[in-house]
Amino acid sequence: MVKETIRVYARVKPLGRRQQAGIYSVDDDEKSLSSLEIIVPRDLADGFVNNKRESYKFKFQKIFDQEAKQDVVFDNIAKPVAECVLAGYNGTIFAYGQTGSGKTFTITGGAERYSDRGIIPRTLSYIFDQLQKDSSKVYTTHVSYLEIYNECGYDLLNPRHEASRLEDLPKVTIMEDPDQNIHLKNLSLQQATNEEEALNLLFLGDTNRMIAETPMNQASSRSHCIFTIHISSKEPGSATIRRSKLHLVDLAGSERVAKTGVGGHLLTEAKYINLSLHYLEQVIIALAEKNRSHIPYRNSMMTSVLRDSLGGNCMTTMIATLSIDRRNIEESISTCRFAQRVALIKNEAILNEEIDPTLMIVKLKKEIQELKDELVLVTGKQRTSELSQEELLQLDELIETFLEDNDPNSTLDVGADMRKIKYCFIHLKQLMNDSKISDKKLLLQHNSEEKDTNKEVGEEELKKLKELLQQRDNEINILVNMLKKEKKRAQEALFQLNSASAGSTVLEQSLCVNLEEGQSPASSFSLKEAKDFSSSVHRLPFLSRQTEGKMSLGCQEAFEVFKQDHADSITIEDNKELLKQRFAEAKCLGEKLNEVRSKINHLKGEITQRHIQRAVLAVSSPSEELNTLDPVEEQLRTQIEEEKKSYKIMFNRLKGLKVEIEHLQLLMEKAKMKLQKDFEVWWSEEAQNLQEKPEMVSSSNIMTVYPQLRKPSQHLSINSFSETTRVSPSEDPAGKNNSITSSNPISKTRTPASSSTSIPLTGDSQADADILAFMKARQNILQKKGLGNK
């Protein structure tokens, strides 16, 4: 690939006898670009105040002045391009300028002298000389000559061109392939084997070209002409061909109608010429701009034909022809400006190589025949293109045996014959398609049967649900009745507890009063009855716990306080919170697993639907494309595998959570059982400690009793009991002062410690211990709640 800008040259036309030369200067520096300076003196008629520009300076690759010869122009401009074309690159040389500036003379040349030959005949001579010298390759040369007249294309090498009118000739039309390559329809390619044939074709085309006399030029070209040389080369025995082409373009000259004063048919030609040159300038401006998305090649036929030459795969050179006449100095400046814009365009020339299909076919046929001969030598059998009837029947039997065999390691061996292998694949494919069609029919039938079955099952499930609902209603009614009974039992137990508490208080009051009055205990209340009554009060919580597994209200209250102060209470609460978190996480994972499972089922359904569609397509229009893998199915299977991986990860996590939850539940059960056992041990120890201290109930102990005075008929509730009978036992460390006091300061009587009237509670130590244990447990509970005496 060769990247370079379009090379721009300038040629100055010699002046005629009656023409006045303009002021210009040429700075020809061999090391750098040549520069052309055109000076336009100010007109004194415009006045003293005149801001018009006087000097115009332009740079070119090289500037050919009036004395330059045709061979010098060819050696500097056309010869490098011709060498690139022989190497396999495309090339273009076009001349641009106003009418009468020497474009046709530069491209085609003059007819008076042999030395006046232009670029086209000299290029043909140079190319054929090089072809004769190079004997390592085989060259083929063709020539075409296109004329664009009034935006219509004509073939100048058409043999009917001289005998017919221009309008009767077949027009050359532009066609574009999908790769945006331009093809010219009705343009003939004439083969030229030597220089003489090519020059004859050139002279034939020049003879048919449209020319006319104008005020600016006696033989003015009224059309754009493109002379193309097509060269193809290849090395002997190689399938690679190099194809290149060289466009030699002679553009029609632009002219100002107001200056020339032409009319009629010449005016129409001038309009078309100027319009096509205007479109050419638009294309040049668009190519010179950066980041231009659209190039207007299709505006004219000339820009369409020269698409590659102006901005594509081509090495392009431009010759700007200038007429340095005082009358034409403005047109010359305009031509130089156009050349400067063309010099900004970059082209990418690519070596045009392709493989000759004819040679490739011959080579492949020869290789196939050699392989067939080797196969015959190896197998010893001559194979035909088609299988015989016996071989087909044998293959059918082998396929049927292979399909009926249940052994997963069985193989279908048909030998190293591609004909048999292909036949087996085709036969298996037909069987698979037939099975898919039958499966589809069975699926439709199964769906209809499932609908009927689901309808019947739905009716049965509805009936079962109704029966289950009726059963649940009956169970709810039974449970409500049981709850009512349990509530009634709880109220009766509460009433009994209050009555028992009131009885113990009355017992103490009566004992104290009887002792103070000097009466015997047996006269007011039996000691045996007091013992039984107090023992029943003390054993109420344990009796209720042994019956139906329920605690009494007092024991429940003590259990709650004990549970809060227990060392394992924090661990139990932490385990509860952790268990709640694990349950929530397990629930979330379960929902995600259900979503992934439904998504996998949905993807499997899509794959099944895809199989059905491909089966139907295979039946309707069988082709080789159906043997290939379905990219949509592969994508669906990839998604299923990804979803299965995520499902497996979440399922393993859920299993781990299940094990962790069961472990936490087991720890909770053990902690609860331990807590309950510790409470029962503590409760029994409290009662046993009171029973093991006989000094508290002996006659030597001095006790101070603060009885609560109430009427016997008054009933006590739980709240009143806790507020009125708060007993605070205080033991002296030396065991000298033991007393039981009441929280009511109004109703208490104090007996001094030195008094000789110290009285025991009862005559039975077991009853006294039971009463004191109950009262002490009650007092401890109230103190922990902050309700005891301060």
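Which side chain meets that of Glu-660 in a salt bridge? In this predicted model, where local features need pLDDT of at least 70 and side-chain atom pairs count only at pLDDT 80 or more, totals for chains, interfaces and linings use all residues. Residues are numbered from 1 along each chain as its sequence is written, and side-chain values use heavy atoms, with hydrogens and water left out.

The partner of Glu-660 is Arg-582, at 2.8 Å from N to O; a salt bridge is a side-chain nitrogen of Lys or Arg within 4 Å of a carboxyl oxygen of Asp or Glu. Glu-660 lies in helix α18 (residues 631-691) and Arg-582 in helix α17 (residues 569-620), so the pair ties together parts that are 78 residues apart in sequence. Helices (H or I, at least four residues) and strands (E, at least two) are DSSP runs, numbered from the N terminus. Arg-582 is buried, at 17% relative accessible area, whereas Glu-660 is partly exposed, at 25%. Buried denotes under 20% relative accessible area, exposed over 50% and partly exposed the range in between (1.4 Å probe, protein chains only).

A salt bridge also joins Lys-599 to Glu-643, with the closest N and O atoms 3.2 Å apart. This pair links helix α17, which holds Lys-599, to helix α18, which holds Glu-643, across 44 residues. Salt bridges with shared partners connect Arg-582, Glu-585, Arg-653 and Glu-660 in one network.

The structure holds 15 salt bridges. One of them pairs Glu-348 with Lys-3 at 3.6 Å between the closest N and O atoms. Glu-348 in strand β18 (residues 346-349) and Lys-3 in strand β1 (residues 2-5) are 345 residues apart. Lys-3 is exposed, at 60% relative accessibility, and Glu-348 is partly exposed, at 37%.
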